[in-house]
Amino acid sequence: MKSSVIIFPGSNCDRDMDVALKKFGFKNQMVWHNDLEIPKSDLIVLPGGFSYGDYLRCGSIAAKSKIIKSIIEFANSGGLLLGICNGFQILTETGLLPGILQQNKHQKFICKNVYVKVNSKENKYFKNIKKKILELHIAHNEGNYFCSEEELKSLNNNNQIAVTYCNEDGKESEEFNPNGTLSNIAGIFNKKKNILGMMPHPERMIDKSLSSSDGNFFFENLIENLK
Amino acid sequence: MEINEKIAIEHGLKKEEFSKICDLLKRTPNLTELGIFSAMWNEHCSYKSSRVHLKKLNTKGKKVIQGPGENAGIIDIEDDDAIVFKIESHNHPSFIEPYQGAATGVGGIMRDVFTMGARPIANLNSIHFGSPQHPKTKNLLRGVVKGIGGYGNCMGIPTIGGQTSFDESYNGNILVNAMTLGLVNKNKIFYSKAAGINKPVIYVGSKTGRDGIHGASMASAIFDDKIEEKKPTVQVGDPFTEKLLLEACLELMAGKSIISIQDMGAAGLTSSSIEMASKGNLGIELNLNKVPCREEKMTPYEIMLSESQERMLIVLENGKESEAKKIFDKWNLDFAVIGKTTDSKKIELFFDNNKVAEIPIDILAENAPVYDRKWKKTKLPQKIKFNKDDFKKLKITQVLKKILALPNISSKEWIWQQYDHTVMGDTIQKPGSDSGVVRVHGTDKAVATSVDSSAVYCYAHPITGGKQVVCESWRNLISCGSKPIAITNCLNFGNPEKEKNMGEFVECVEGINEASKFLDYPIVSGNVSFYNETKDKGIKPTPAIGGVGLIKDYKKMITMDLKNNKNLILVIGKTEGHIDQSAFAINILNEKKGPPPEINLFNEKNNGETVLKLIEVGLVKSAHDVSLGGIITAVSKMAIKGKKGFKLNKLKVLVNKFDYYFGEDQGRYIIEIESKNLSKVQKILNDNSVHYDDIGLVTEKDVIVDKEPILHIDDLIESNKNWLTNYMEK
C-alpha cells in the first residue's frame with residue numbers, strides 16, 4: 001500500500017507519521033507543500049504541527065497552499081485522506097469537512113492520553129477494528145470542535161461522527177470532554193467516509209514502551225482494509 | 001555625538017572600564033564601538049565576575065566530547081551517537097514580559113543546540129516564582145508556562161521534564177532556566193570557530209529589528225521600580241521561523257559547505273561575529289547595509305545590538321553560496337552574504353560606504369575585564385534542638401497529607417499538560433517522574449534527563465547545597481536505571497558586587513565541583529545569571545543542575561510507580577533523621593534555621609552504583625529517590641503514581657518516627673522488590689556494604705501507618721493533585 005505524508009512548513013508530526021505508516025507496512029513518501037502533484041497513493045495524510053505557524057486561524061494558510069488542489073481532487077475522486085490534529089484543522093479550513101476547530105475551552109494547550117470510542121465501523125478506517133475504545137493521545141490548543149445545529153444533525157444522520165471522547169468504559173460525558181468540543185467529538189468523516197479528520201494522534205501510540213499502543217489497532221486495521 | 005564617561009555608564013560600563021577601553025583603543029570609541037564594548041563586556045557575555053571560579057570546574061571525562069566554551073556541551077553515548085546539551089537562564093526578560101521572555105529562552109537554548117548540528121530531542125525547564133500569595137506570581141506563572149509551551153510545542157520538540165518552585169525570595173526576580181538536549185552523529189558536529197581568510201560570512205534566518213537592543217546589558221543589571229520601561233529590551237519569539245531555521249540548517253549541515261556556525265543569541269550580531277573570529281584567531285569585516293532589516297533606517301548601532309531572534313551567522317566555504325541559498329530559499333528564510341573573514345584580527349564594520357567601527361578582536365574578547373570579587377564565607381548553622389514532645393500532638397498521616405499538598409511538592413500536572421511531551425514518538429518517561437526519558441530514535445538506547453535545584457539548602461549552607469544538587473541530579477538519573485554521564489549548570493545568584501552573594505556563588509560552585517569530581521559527573525556546559533535582585537532584595541542562591549544519563553536497553557528502564565501488591569518496599573541508604581531545613585521543619589514546625597542535611601559523597605556514589613546494579617540484574621520493580629519530604633513522601637509519590645497503597649512496618653530503628661519518615665538525609669532511594677527476591681537483593685546490598693531498611697509492603701489501596709486510621713490511596717492523590725490547579729483556576 002502506498003501512502004503520502006504532506007509536509008507544510010511548520011508541520012512537526014510528519015516524521016512520527018512516516019515512522020508509524022512504515023511500521024505497519026505502508027510504502028510512504030514525503031511530499032513538499034510547494035509540489036503540484038502527489039505521487040500515486042492509496043492514502044494521503046495531513047500530519048500534525050503548526051502549518052505556516054498557525055498565526056492566522058489554524059490550518060487556514062495550509063488550506064490555500066499549492067499542493068491543496070491536488071489533495072482536494074484526490075479526495076473528491078474517493079481517495080483516502082486522513083488529517084490528524086493540524087491536519088484535521090486544515091480539512092475543516094478547506095471545507096472538505098464541516099465545522100471548525102476553536103480554541104480549547106480552558107484556553108490552554110493540552111497534552112494527555114484520552115480514550116475515544118469508535119462510533120462508526122462502516123468505513124475503510126475502522127471496519128473490523130478489534131477494539132472499540134482506544135487509548136490515544138491529544139496535544140493541541142485548538143481542538144474544540146464546533147458546527148451548526150443543522151450540520152450536527154447531518155453528521156449524526158449520516159453516521160459521520162467517527163470518534164468521541166469517553167472514559168475507559170466508553171462512557172461519554174462532559175467529564176471526559178478534554179477541550180469543550182461539541183458532543184465530545186474527537187473526529188469526523190465526510191459523507192462518503194473517505195476523509196477522516198481527528199484530533200487524537202494514533203501515531204504517537206504505536207508500541208508498548210510508549211504510554212499506550214492502541215494506535216496499533218488503528219494502523220493495522222487501516223492497512224488491512226486497504227488491501 | 002561625543003562619547004564620554006556618562007554615556008559609557010548609561011551603557012552599564014564602569015568608569016574604570018571606560019578608561020580601559022580608551023587606553024586599549026588609544027582613542028575614544030564612537031557610539032557603535034561603545035555599544036559593542038558594552039555588549040561584550042557586560043556580565044552576561046563576559047562572565048567577568050564568575051570566570052576565575054568557573055575555571056576550576058571539573059569539565060573533563062572519558063565521555064566528554066566538548067566541554068564549556070562552545071555553544072553547548074557534548075557527550076558520547078556510544079555507536080557514533082552524541083548528546084549536545086545545555087541549560088540557560090532567561091530570568092530578567094521573563095520577569096518583565098513572562099510570555100516572550102520564557103518563549104525566547106526556550107528558542108535560544110534550542111538554537112545553541114542545533115547550531116552544533118544536533119536535532120533537539122528534549123526540552124526541560126527549571127522555573128521559580130515568588131510566594132503564591134504575591135500579587136504577581138499567578139500571572140507570571142501563567143505567562144511563563146504559556147511561553148515555554150508556545151515555543152516548544154510549535155517546534156515539535158517534547159518538553160519532558162522540569163522543576164517548579166515557589167519562594168518569597170523570587171517575588172521580585174523569577175527564574176526561568178531552559179534546557180535542551182539534541183542528538184548528533186559524533187563525526188558531524190559543527191563548531192563556532194572560523195577558519196580561513198576571505199571566506200564569506202552569511203546571515204540567515206529572521207530579519208533584524210529593534211527588539212532586544214541591550215538585552216544582555218539588561219540581564220546584567222538589578223531591577224528597580226522602572227522595570228516596565230525595559231519591556232522593549234525583551235525579544236519577541238517566532239517559533240515557526242525557528243522551526244524553519246532548524247530544518248534549513250540541518251539540511252545545509254548534511255553537506256560539506258559550512259566552516260563554522262554560530263547562533264545570534266545575547267548581544268546578537270556583535271557577539272556572534274566576534275566569537276567566531278576570536279576563536280579562529282581571525283578578523284571579520286561586515287557590511288551592515290547587507291543585513292536584512294525588518295525596520296527602516298536602522299543604524300549600525302541598532303543593527304549590531306539587536307537581539308532579534310531566530311538568526312544565525314555562518315562562515316561558508318568559498319563558492320558554496322548559491323547551493324546554501326537554495327536551501328534557505330526553500331524554507332523561505334533570509335540569506336545574505338554580509339561580509340568576509342580577514343587576517344586583520346579586527347572587527348571592521350562598514351555602513352553607507354563608511355567604516356563605522358574598527359576594534360581589535362583581542363581587546364573585546366580576551367582582554368575583557370575579569371574580577372576576582374570579594375566574597376564572604378557562610379558558616380554552617382547550628383543544629384536546632386527540636387522539642388520531640390511537640391511531635392506527640394502530630395499524626396504522621398495528617399502531616400503527610402499537608403506535605404503532599406505543599407506548593408513545592410504537589411503535582412505540577414497543570415503545568416506539564418500544557419507542554420507537548422510526546423511529539424517525536426520516543427518519550428518513554430513523561431514529566432512528573434524522577435527523570436524524563438526519550439529513546440534515541442531507531443535504537444535500543446534511551447537518554448534520561450532531569451533538572452534540579454535546592455535553594456533552601458544552598459541558602460542555609462552553600463557548599464553543602466551545591467553538593468546536594470549534583471547528588472540529587474545523579475540520584476534522579478539512577479532511579480530510572482540510567483548511568484549518569486554529565487551535567488550542565490545554570491547558576492542563578494544575586495548581586496556579585498555584594499560579598500554575601502558572591503560568597504554564595506563561590507561556595508555553591510565549590511560544592512558542585514566537589515560532587516562532580518567525586519561522582520565522575522563532569523560539567524560540560526552552563527550559564528551564569530547574576531544580579532537577580534530587586535531593590536536590594538536578592539534571590540536565594542539557586543544553582544540548577546541538568547543531568548544526562550544513558551540507558552543502554554530502554555526496555556530495562558525503571559519507573560517510580562508502585563507495581564504489585566505484597567511487593568516489599570526498601571529504603572536504600574542510612575537514615576539518621578535530619579530534619580533541619582526539611583519540608584517538615586519549615587512547613588509544619590515553622591523552623592527555618594539549621595544546617596541542611598550533610599552529603600557523604602562516598603555513600604552517595606556507593607548507594608547509587610549499587611541501586612544501578614540491582615536494576616541491571618532485574619531485581620527492582622520501581623524506584624524513586626528520597627528528597628523533599630523524606631521517606632514517607634517518596635513512598636507516597638510512588639503509591640500515587642501506581643494508584644496503590646502501602647503498609648509501613650513497625651519501625652526497627654531507634655530514631656523518632658517523625659525524624660525517620662520526614663527527615664531529609666541524603667543518598668537514599670526507595671525501591672520496590674518482589675518478596676521472593678529479598679535474599680538476592682540483600683546479598684548484593686551486603687556485598688557492597690550498603691545500608692538498607694525493610695520498611696513495608698505494597699497494598700491494593702490502603703495506606704497503613706502505625707495504628708493511625710487507615711487512609712485510602714485516593715486521599716493521598718487528592719492531597720497531592722489539586723493545589724496548583726486550584727491556585728491557578730479558582
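Q: Which strands does helix α13 of chain B lie across, and at what angle does it run to β11(B)?
A: In this predicted model, helix α13 (residues 321–330) of chain B lies across β7 (200–205), β10 and β11 (334–342) of chain B. The helix runs at about 150° to β11(B). Angles are taken between N-to-C directions, from 0 to 180 degrees.

Q: What makes β8 and β13 of chain B edge strands?
A: The open sheet has seven strands in the order β8-β10-β7-β11-β9-β12-β13 (chain B), with mixed pairing. β8 (258–263) and β13 (354–360) of chain B each have a single partner strand, so one side of each lacks a neighbour in the sheet. From one strand to the next, the twist averages 25°.

Q: How do you know that β8(B) and β10 of chain B pair?
A: Pairing takes at least two bridges between the strands. β8(B) and β10 (residues 311–316) of chain B share five bridges, in the antiparallel sense. Asp263(B), for one, has Met312(B) in β10(B) as its bridge partner.

Q: How do you know whether the radius of gyration of chain B agrees with a compact globule?
A: A compact globule of 730 residues would have a radius of gyration near 27 Å. Chain B has 26 Å, which agrees. Its C-alpha trace spans about 85 × 50 × 45 Å along the principal axes. Of the 730 residues of chain B, 61% count as buried.

Q: Which residues touch the most other members of the largest nonpolar core?
A: That core has 289 residues. Ile83(B), Val84(B), Val447(B), Val470(B), Ile670(B) and Ile671(B) touch the most other members. Not counting residues up to four places away in sequence, Ile671(B) touches residues including Leu570(B), Ile572(B) and Val611(B).

Q: How many residues of chain A are in contact with chain B?
A: Contact takes C-beta atoms within 7 Å. By that rule, 22 residues of chain A are in contact with 22 residues of chain B. β6(A) gives the largest share of the chain A side, three residues. By class, that side has ten nonpolar, seven polar and five charged residues.

Conventions:
Residues numbered from 1 in each chain as written. Chains lettered and ligands numbered in written order. Predicted model: local features only at pLDDT ≥ 70, side-chain atom pairs only at ≥ 80, totals over all residues. Contact = placed C-beta atoms within 7 Å. Helix = DSSP H or I, 4+ residues; strand = E, 2+ residues; numbered from the N terminus. Nonpolar A, V, L, I, M, F, W, Y, C, P; charged D, E, K, R; others polar. Rg over C-alpha atoms; globule rule 2.2 N^0.38 Å. Buried ≥ 20, exposed ≤ 12 C-beta atoms within 10 Å, placed from the backbone. Core = buried A, V, L, I, M, F, W, Y, C linked by C-beta atoms within 7 Å.
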